[in-house]
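Work through the exercises below with the sequence and the 3D structure at hand. Each task is followed by its solution in steps.

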Amino acid sequence: MQSDLADLVERLFSEEAAFTVAVLVLFTGAVLAYVIWRWIHSVFERTGINDAIEGTAFERSANRFGTSTSGIVATLLGLFVYALAIVAAFNVARILDPELFWAQLTRNLPRILIAVLAVIVGLIAGDKAKIVIQERLRSVKLPEASILGDLAKYSIFYIAALIALAQLGIATTALLVLLAAYAFGIVFLVAIAAKDFLAAGAAGIYLLLVEPYTIGDEVRIDEKRGIVQEIDMFVTRIETDGEEYIIPNQQVFRSGIIRIRS
Amino acid sequence: MTGLGAVLDDIVEDIDSILLFTQDDGTFERFDDEETEITVVATENAVDAEQFVSLPLQFNDLDGRIRYGIEGAMDAELISEGDEVVCLTTFIDSGAIDTIIRVRADQFSHTGLYDLFVNSRADSEVVRDVFEVAIELGKKGQKGKPVGALFVVGDAGKVMNKSRPLSYNPFEKSHVHVGDPIVNVMLKEFSRLDGAFVISDGGKIVSAYRYLEPAAEGVDIPKGLGARHMAAGAITRDTNATAIVLSESDGMVRAFKAGELILELDPEEY
């Protein structure tokens with residue numbers, strides 16, 4: 001039946017188009033797998049299976065691997081669908097000659113395995129990263145902060161997908177360029193945003209190691225005179241009666257410190 | 001049985017709020033349909049209650065626990081002055097609720113127990129960590145012998161200016177914070193030294209071996225406490241620091257703020 005399909009494609013279009021269709025089938029399979037994955041999750045959630053199996057040994061060991069039972073089931077089914085799509089795509093592209101197909105399959109099996117592994121690891125790592133980031137940001141009661149977790153998660157998914165696709169021998173140059181642009185954008189933005197922090201941190205390391213002044217000293221920095229209350233990586237706190245100056249460390253470094261000995 | 005029921009009914013009649021001292025999900029769920037406002041008071045919000053007051057220590061004495069809960073709830077405006085509050089708590093270490101206490105929120109004189117932890121200059125975690133160190137030290141002592149110690153927490157700059165070193169400062173150029181795992185051991189060793197530990201707002205141990213020189217005139221602490229407590233009371237009156245003292249003679253942990261004794265704990269109970 002599959003070779004019928006391949007014949008049909010070849011008859012309708014050209015031999016090159018068969019390859020395109022194969023890729024299309026692969027892509028559709030991936031989307032379908034994702035949809036199924038989401039669907040299983042929501043079914044588990046809605047039917048209350050999640051609550052029912054909470055605390056079971058399997059769930060606990062699944063939890064130890066950073067996933068859950070619903071996650072494993074969903075991933076397996078999704079992978080199954082994806083595998084089907086891959087087989088279909090191979091059939092469409094390789095057309096006919098089942099023996100050649102199986103030869104190809106054995107040759108490509110390790111690569112497929114690595115691709116599947118990349119997807120699994122990517123899924124787990126992405127979810128895990130999101131959870132870790134959300135835990136960290138829990139104390140920050142800012143709705144916008146939750147976007148960071150999703151950002152990290154989908155970035156990892158993207159990279160995992162890229163590795164998997166590259167393993168399957170699909171041209172990923174365009175996606176790679178996109179990734180590079182994305183990574184560069186993030187690095188660039190973070191570098192701009194964190195410039196002052198970097199400077200303050202570098203000065204802070206010096207101040208903490210050498211301790212030119214310490215808590216309890218009376219100092220003057222830029223006409224700000226007072227008793228040092230606290231020094232950390234980024235800021236120095238200086239206090240006078242009624243006023244507390246919080247001075248970034250790079251400013252301390254730039255304008256120098258006057259220690260007052262009376 | 002009717003007499004007992006009537007007494008219990010009387011206790012919970014016309015109340016404005018409930019303070020529930022529990023971390024147990026099951027206990028909390030039993031109050032799902034309760035119409036009176038419920039505030040959960042516990043060391044952590046394990047039941048995801050909407051109204052929550054965080055206990056810094058698992059106060060073993062009922063008085064301190066309820067006092068802290070009420071002052072905390074009042075500070076967060078969960079209850080207001082004059083409210084009739086019923087506290088449900090555990091008195092005997094069984095885990096289940098076994099005690100019902102009805103109080104008026106303004107019945108307690110304001111002792112500042114809540115302020116001690118939350119509205120101190122130092123971070124509340126730092127105050128809590130120092131308490132834990134002091135309690136630990138009080139329990140074990142130094143090589144089995146009771147030790148005394150004086151920790152001055154917060155406003156370290158001013159404290160340093162109102163004190164002088166008795167000897168070289170072992171914490172110079174070190175960056176040790178209370179709450180680091182190594183600290184218990186270090187402080188235990190250094191507690192042999194005389195003098196006070198000075199700890200900054202952020203928890204850095206600034207110095208050991210400090211001789212505090214505040215003006216002690218007019219500091220009123222309970223009779224019978226020694227020079228260490230007097231120094232603690234006096235330094236907190238002169239600065240915005242909090243002082244936590246482990247008494248060598250009776251083994252109690254006491255906290256001073258603004259020159260007054262705020263809290264007294266027996267380490268053996270924790």
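This is a predicted model: local features need pLDDT of at least 70, side-chain atom pairs count only at pLDDT 80 or more; totals for chains, interfaces and linings use all residues.

**Exercise 1.** State how many salt bridges a search of the whole structure finds over all chains.

**Exercise 2.** Find where the two partners of the salt bridge between Arg121(B) and Glu239(A) lie, and decide whether each is buried, partly exposed or exposed.

Solution. 
Step 1. The side chains meet with an N to O distance of 2.6 Å.
Step 2. The pair crosses between chains: Arg121(B) sits in the loop between helix H4 (113–118) and helix H5 (124–140) of chain B, and Glu239(A) belongs to strand S3 (residues 235–240) of chain A.
Step 3. Arg121(B) has 24% relative accessibility, so it counts as partly exposed.
Step 4. Glu239(A) has 14%, and because buried means under 20%, this residue counts as buried.
Step 5. Both residues also belong to a network of salt bridges that links Glu239(A), Arg121(B), Asp155(B) and Asp201(B).

**Exercise 3.** Classify the partners of the salt bridge between Asp250(B) and Arg254(B) as buried, partly exposed or exposed.

Solution. 
Step 1. The closest N and O atoms of this pair are 2.7 Å apart.
Step 2. Asp250(B), at 39% relative accessibility, is partly exposed.
Step 3. Arg254(B), at 3%, is buried.

Definitions and conventions:
Residues are numbered from 1 along each chain as its sequence is written. Chains are lettered from A and ligands numbered from 1 in the order in which they are written. Side-chain values use heavy atoms; hydrogens and water are left out. A salt bridge is a side-chain nitrogen of Lys or Arg within 4 Å of a carboxyl oxygen of Asp or Glu. Helices (H or I, at least four residues) and strands (E, at least two) are DSSP runs, numbered from the N terminus. Buried means under 20% relative accessible area, exposed over 50%, partly exposed in between (1.4 Å probe, protein chains only).
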